[in-house]
Amino acid sequence: MIEATPSEAATSWTASSATDPAAAASSRPLLSVSNLRMWFPITEGLIFERHVGDVQAVDGVTFEIERGETLGLVGESGCGKSTTGRTVLRLYRPTGGRIEFDGEDITGLEGEPLRRMRRRMQMIFQDPYASLNPRQTVGGIVGEPLLVHRIGTSAERRERVAELLDVVGLNPEFLNRYPHEFSGGQRQRIGVARALALNPELIIADEPISALDVSIQAQIINLLVRLQDRFGLTYLFIAHDLSVVRHVSDRIAVMYLGRIVEIASSQALYERPVHPYTVALLSAVPIPDPAIESRRRRIILNGDVPSPSAPPSGCRFHTRCWLRERLGNPDRCVSEDPSLRVLASGHAVACHFAEEVDGSPEQVQVTGRGSGPVGATAPTPATPSATDVTPESGGETPAER
């Protein structure tokens, strides 16, 4: 067993210390993000560079994650989901806002303090083929976090790696094999083992199943759920697939063009979405009941997603919003930026006219309630599936399927 120094005892990688009882009893959220901004500069010129604009990849994102909770983050490609995850982990230096981890402001951390903090928060990357070093063995890949943080002797690290491979369902004898000798699902399990090496409290899963086929997706999802139950992990789960996100998440946040437009519990979001964009996304998710599905109609959004380097004024969704057209194109959508406000239903939504969505024919039809009462319960979509949330996809399965 590897001996941890007193300062490291609270973050030891042993399973018995996965959750500190005193910390778990605290009422504060594990992760709190306030008005987070991540802008990438646009420059011109080779010798004398001029700053001519910014790509506003993430602009004013606010959310919290409680200990042991899974927050799903969904939205179209390019909406800023992955950038949000990387910025929270401090792989990017945020342009503005505040990131608090377990009550500590980590927005400006650098150097050794940031390295120590990263023992408590890790990431599972999207591409299992690109995220593993082809020149390293599995033992080297999974054991590298232990080496970087100077934990244990060589023999102890090797023992820990074998233990981690067993935890994620791989043969411990695979220590000396290279990534090219494994399938996509096995490679992702190696990525999960690496993320667990330091026994973190928070794991950011950046579309961990999007590059895998459907049968392997279910295996990885079940593995993540088991690990959360076993080690008390907290997840920020980033994905396109709304059905999978519903299966694994306690709450879901929907992003559009760098901003969160709605946050609600998983069940509430599916049964009563109150943002026009969320309703459009859910219309692409099939319900496994032919009688109900035959009554549903896709909500086709007009136009293309605006550029994050030149987002529209006011509500960023107003250029494609079906609700605004139905209400006669009110000027408020163009002139006033909607803040994220909490409705009586418990939804946090960034829409001036969210109350008009609740009970609307579009909401009722998308949730499969048909002509029944607004309070009726919507049928549960098949879980997991591979339905991409991009409105232009027509509800078809993604190419990686």
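Reader: Before we get going, what do you mean by a nonpolar core?
Author: A nonpolar core is a set of buried Ala, Val, Leu, Ile, Met, Phe, Trp, Tyr and Cys residues joined through side-chain atoms within 4.5 Å. Keep in mind that this is a predicted model.

Reader: OK. How many residues does the largest nonpolar core have, and which have the most contacts inside it?
Author: That core has 70 residues, and Leu196, Leu227 and Phe237 have the most contacts inside it. Helix H7, residues 214-231, gives the largest share of this core, with 7 residues.

Reader: Which other core lies apart from it?
Author: Another core, of 31 residues, lies apart from the largest one, and Leu71, Met117, Met121 and Leu236 are among its members. In soluble globular proteins, nonpolar side chains tend to be buried together.

Reader: Back to Leu227. What is it in contact with, leaving aside neighbours within four places in sequence?
Author: With those neighbours set aside, Leu227 is in contact with Val167, Val192, Leu196, Gly232, Leu233 and Tyr235.

Reader: And H7 itself, which of its residues are buried?
Author: The buried ones in H7 are Ile216, Gln217, Ile220, Ile221, Leu223, Leu224, Leu227, Gln228 and Phe231. Looking down the axis of H7, those buried residues fall within an arc of 160°, so they line one face of the helix.

Reader: Which exposed residues are on the face turned away from that buried side?
Author: Asp229 and Arg230 are the exposed residues carried there by H7.

Reader: What covers the buried residues of H7?
Author: The cover includes helix H5 (154-167), helix H6 (184-196) and helix H8 (242-248), along with strand E3 (70-74), strand E6 (121-124) and strand E8 (234-238).

Reader: How far apart are the end C-alpha atoms of H7?
Author: They are 26 Å apart, which agrees with the 26 Å that 18 residues should span at 1.5 Å a residue. Just after H7 comes Gly232, with a positive phi of about 65°.

Reader: Speaking of positive phi, which residue other than glycine has one?
Author: Asn35 is one, with phi near 50°. Asn35 is found in strand E1, residues 31-44, and counts as partly exposed because its relative accessibility is 43%. Leu257 is not a glycine either and has a positive phi of about 50°.

Reader: Where is Leu257 found? Buried or exposed?
Author: Leu257 is in the loop between strand E9 (251-256) and strand E10 (259-265). With 3% relative accessibility, Leu257 counts as buried.

Reader: Switching to Gln188, where is that one found?
Author: Gln188 is found in helix H6. Gln188 has a relative accessible area of 1%, so it is buried.

Reader: How far is the backbone oxygen of Pro208 from a polar atom of its side chain, the one of Gln188?
Author: The two lie 2.6 Å apart. Leaving aside neighbours within four places in sequence, Gln188 is in contact with Ile124, Phe125, Gln126, Pro128, Pro208, Leu212 and Ile220. Ile220 is also one of the buried residues in H7.

Reader: Zooming out, how many helices and strands does the protein chain have?
Author: There are 15 helices and 12 strands in the protein chain. The chain has 401 residues, and 53% of them count as buried.

Reader: What about contacts between residues at least 6 apart in sequence?
Author: Among those, 67% join residues at least 24 apart.

Notes. Residues are numbered from 1 along each chain as its sequence is written. This is a predicted model: local features need pLDDT of at least 70, side-chain atom pairs count only at pLDDT 80 or more; totals for chains, interfaces and linings use all residues. Side-chain values use heavy atoms; hydrogens and water are left out. Helices (H or I, at least four residues) and strands (E, at least two) are DSSP runs, numbered from the N terminus. Buried means under 20% relative accessible area, exposed over 50%, partly exposed in between (1.4 Å probe, protein chains only). Contact means heavy atoms within 4.5 Å. The expected span of a helix is 1.5 Å times one less than its number of residues. The arc is that of the directions from the helix axis to the C-beta atoms. A polar contact is a pair of N or O atoms within 3.5 Å; within protein, one must be able to donate a hydrogen and the other to accept it, and residues adjacent in sequence count only if both atoms are side-chain atoms.
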